[in-house]
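Please keep the structure open while you read.

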Amino acid sequence: MIGMIKRILSVSGKYQGRIYGAMGFSFLKGLLVKVPIILTYFIVTTFIDGTLTNKTAVYSAIALVASIIVQAVFQYIADRLQSGAGYLIFADMRMKLGEHLRRLPMGYFTEGNIGKISSVLSTDMVFIEENCMMVLADMMNYLFSQAIMIVFMFVFDWRLGLASLAVTGCIVLLGRSMMKNDLVHSDEKQKASEIQTQAVLDFTEGIGIIKTYNLLGDKSKELTDSFDTNCRVNLDFEFSHHPYKRGVFLIYGIGTVLMLTLSAFLYSKGLMDMKYFFGMLLCLFDLFVPIKTFYDQEARLTVMSACMDRIEALFAEKELDDNGTQTMTDSNAPEIEYLNVTFAYDKKDILKDVSFKADKGTMTALVGPSGGGKSTIASLLTRFWNVKSGEILLRGTDIRKIPLAALMDNISMVFQRVYLFQDTVYNNIALGRPDASREEVLEAAKKARCYDFIMELPDGFDTLIGEGGASLSGGQAQRLSIARCILKDSPIVILDEATASVDADNESYIQQAISELCKGKTLLVIAHRLNTIAHADHIMVIKDGEIAESGDHKSLMDMGGIYHNMVTKRAVSTGWKN
Ligand SMILES: Nc1ncnc2c1ncn2[C@@H]1O[C@H](COP(=O)(O)OP(=O)(O)OP(=O)(O)O)[C@@H](O)[C@H]1O
């Protein structure tokens with residue numbers, strides 16, 4: 001409990017004061033809740049003593065009303081302080097998580113962690129933000145109330161005090177076992193929710209493939225299995241929790257009877273005054289209610305703790321270091337230089353001792369068999385991953401010493417798989433350079449040969465694309481992504497040539513758009529169509545993670561090696577001549 005409060009406080013940043021304030025006012029309200037008992041006790045004892053007067057009764061009534069009013073005021077202040085605090089804390093935390101995710105290496109996103117991220121954002125954080133303030137303030141209240149009840153018992157009779165302490169101790173012991181049990185099951189519960197999220201994402205993202213390959217049955221089964229598992233794990237949680245909860249209720253009941261029996265015994269033996277006996281009777285049915293209610297609420301606290309574990313684990317994922325402060329100033333150095341670069345995604349080396357340079361304004365093409373390592377070479381330039389050994393230099397500076405944002409300002413990438421955001425056409429282009437003027441955005445669209453088709457959309461540049469909006473063809477989407485890069489106007493362009501064929505019109509438009517994009521740039525092309533790179537300044541054949549051949553088109557053809565074979569095969573299959 002204390003641990004959980006500390007964890008929430010540790011993430012609450014500037015809202016800590018609100019939480020302390022809410023707890024303070026809840027505590028004061030908790031004290032005031034006891035005022036009716038104290039007043040009734042006072043009236044009973046003065047009645048027994050024969051000192052009860054009309055004045056005493058009126059004053060007591062006024063005090064009672066006043067305590068109820070102040071109680072309501074304290075509750076209002078506590079509610080004001082705590083309501084929304086969870087949402088404010090987690091709004092900040094989501095921003096921090098967004099920043100953190102941005103700094104994680106690409107590998108984290110390709111290793112099946114998408115379900116984890118989604119479920120942390122949509123399940124764990126939501127659960128805590130909706131529950132934490134209420135649960136924490138209420139639970140503190142219950143603990144204070146229980147302590148006050150025990151103090152009352154000690155005031156009435158030390159034996160009653162000890163007995164109430166013992167009963168509370170038994171409830172706490174059983175409650176702790178309940179918490180341990182719940183923690184294990186909460187962990188499973190959250191994991192099952194993560195698997196379910198991943199299954200839903202897989203199913204919805206892959207629905208096209210699932211339908212094409214007639215996998216609806218198999219994949220639906222995976223999905224329903226994840227629903228079943230989630231349901232079973234939640235039921236297990238409930239079933240394992242209930243015996244403990246009943247146990248707490250049993251001790252609560254037996255404890256109450258014991259306290260009644262003990263006080264009746266003490267009174268009957270003349271060991272306790274009558275007014276204390278009455279006081280005891282007044283408290284009896286409230287005596288162990290706070291601690292029992294505390295453990296009634298405990299399951300929520302435990303689930304919160306498991307949620308917090310997973311949030312902290314996500315924050316603990318190692319970020320790609322971004323401590324670089326250097327700028328690229330050496331204008332005589334090659335624009336890009338790989339020096340003895342070795343890389344492994346996991347343990348197996350994918351790239352071995354790759355070295356090459358590309359001067360400013362030149363075109364370097366990477367060709368070779370599938371799986372050879374072409375895309376990997378390009379991804380290392382953007383630091384999607386860090387090299388294992390060796391160095392990649394940009395204008396003479398190791399890219400790890402350049403701030404990531406500055407590095408990214410220098411590079412544009414045209415991917416095979418285009419991603420457009422659910423936003424307007426305009427905003428999808430403008431994100432290439434958010435401070436660009438409308439004229440610049442329109443100009444980029446014209447250069448990327450998309451202006452005409454955009455103007456034919458229902459709302460032109462303001463047309464929404466994606467879910468619920470207009471849909472674009474693959475070629476149109478590709479040209480839009482090129483417009484984004486043209487707007488960004490970075491000196492280096494990485495071009496992952498599309499393998500999928502588009503119709504002749506689109507192909508020609510895309511080529512025109514790419515030519516606009518590449519004007520005056522240093523180009524690194526992952527080439528799948530050999531006819532587009534015949535004029536490249538430098539062609540490298542990448543095979544098994546190594547540069548197998550290197551040179552220009554003519555020298556490679558003269559060499560009669562892998563490149564020559566690839567071109568010859570291509571010429572035979574397509575009739576292409578160089
Ligand atoms: N994220 C990843 N995690 C683990 N291994 C990967 C990852 N991406 C690629 N690989 C492996 O690295 C090797 C090189 O892949 P890469 O995509 O760089 O080759 P490529 O030459 O670009 O292939 P293609 O022409 O088919 O796109 C392959 O064996 C591939 O399986």
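1. Buried residues make up 32% of the 578 residues in the protein chain. A residue is buried if 20 or more other C-beta atoms lie within 10 Å of its own, exposed if 12 or fewer, and partly exposed in between, with C-beta atoms placed from the backbone. This is a predicted model, in which local features need pLDDT of at least 70, side-chain atom pairs count only at pLDDT 80 or more, and totals for chains, interfaces and linings use all residues. Residues are numbered from 1 along each chain as its sequence is written.

2. The secondary structure comes to 21 helices and 10 strands. Both are DSSP runs, numbered from the N terminus: helices are H or I with at least four residues, strands are E with at least two. Take contacts between residues at least 6 apart in sequence: 79% of them join residues at least 24 apart. Two residues are in contact if their C-beta atoms, placed from the backbone, lie within 7 Å.

3. The unreviewed UniProt entry annotates "transmembrane region" at residues 20-44, 56-78, 135-156, 162-179 and 249-268. UniProt positions are given in the numbering used here, feature names are shortened, and annotations may be inferred rather than shown by experiment. Residues 20-44 are 96% helix and 0% strand in the model, with end C-alpha atoms 37 Å apart. Residues 56-78 are 100% helix and 0% strand, and their end C-alpha atoms are 32 Å apart.

4. How do α5 and α7 pack? Helix α5 (residues 85-103) meets helix α7 (residues 114-156) at an angle of about 155°, with the axes 8 Å apart. That makes α5 roughly antiparallel to α7. Axes are lines fitted to C-alpha atoms, for helices over the stretch in contact, and angles run from 0 to 180 degrees between N-to-C directions. Angles under 35 degrees count as roughly parallel, over 145 as roughly antiparallel, 65 to 115 as roughly perpendicular and the rest as oblique.

5. Which residues make the contact between α5 and α7? On α5 they include Tyr-87, Phe-90 and Arg-94. On α7 they include Leu-121, Glu-129 and Met-133. By class, the contact has 12 nonpolar, one polar and three charged residues. Ala, Val, Leu, Ile, Met, Phe, Trp, Tyr, Cys and Pro count as nonpolar, Asp, Glu, Lys and Arg as charged, and the others, Gly among them, as polar.

6. Look next at the loop between α7 and α8, where Asp-157 sits. Asp-157 is buried, because 21 other C-beta atoms lie within 10 Å. Leaving aside neighbours within four places in sequence, Asp-157 is in contact with Leu-266, Met-272 and Tyr-276. Asp-157 and Asp-273 are 116 residues apart along the chain, yet their C-alpha atoms are separated by 9.2 Å.

7. Leu-160 lies in helix α8 (residues 158-205). Is Leu-160 buried or exposed? Leu-160 counts as buried, with 25 C-beta neighbours inside 10 Å. Beyond its neighbours within four places in sequence, its contacts include Met-153, Met-259 and Met-280. Leu-160 and Leu-266 are 106 residues apart in sequence and 9.3 Å apart in space, C-alpha to C-alpha.

8. Check two backbone angles. Arg-383 is not a glycine, yet has a positive phi of about 60°. Arg-383 is in the loop between α13 (374-381) and β4 (389-394). Asp-544 also has a positive phi, near 50°. Asp-544 is in the loop between β9 (538-543) and β10 (546-551). Arg-383 counts as buried, with 22 C-beta neighbours inside 10 Å, whereas Asp-544 is partly exposed, with 14 other C-beta atoms within 10 Å.
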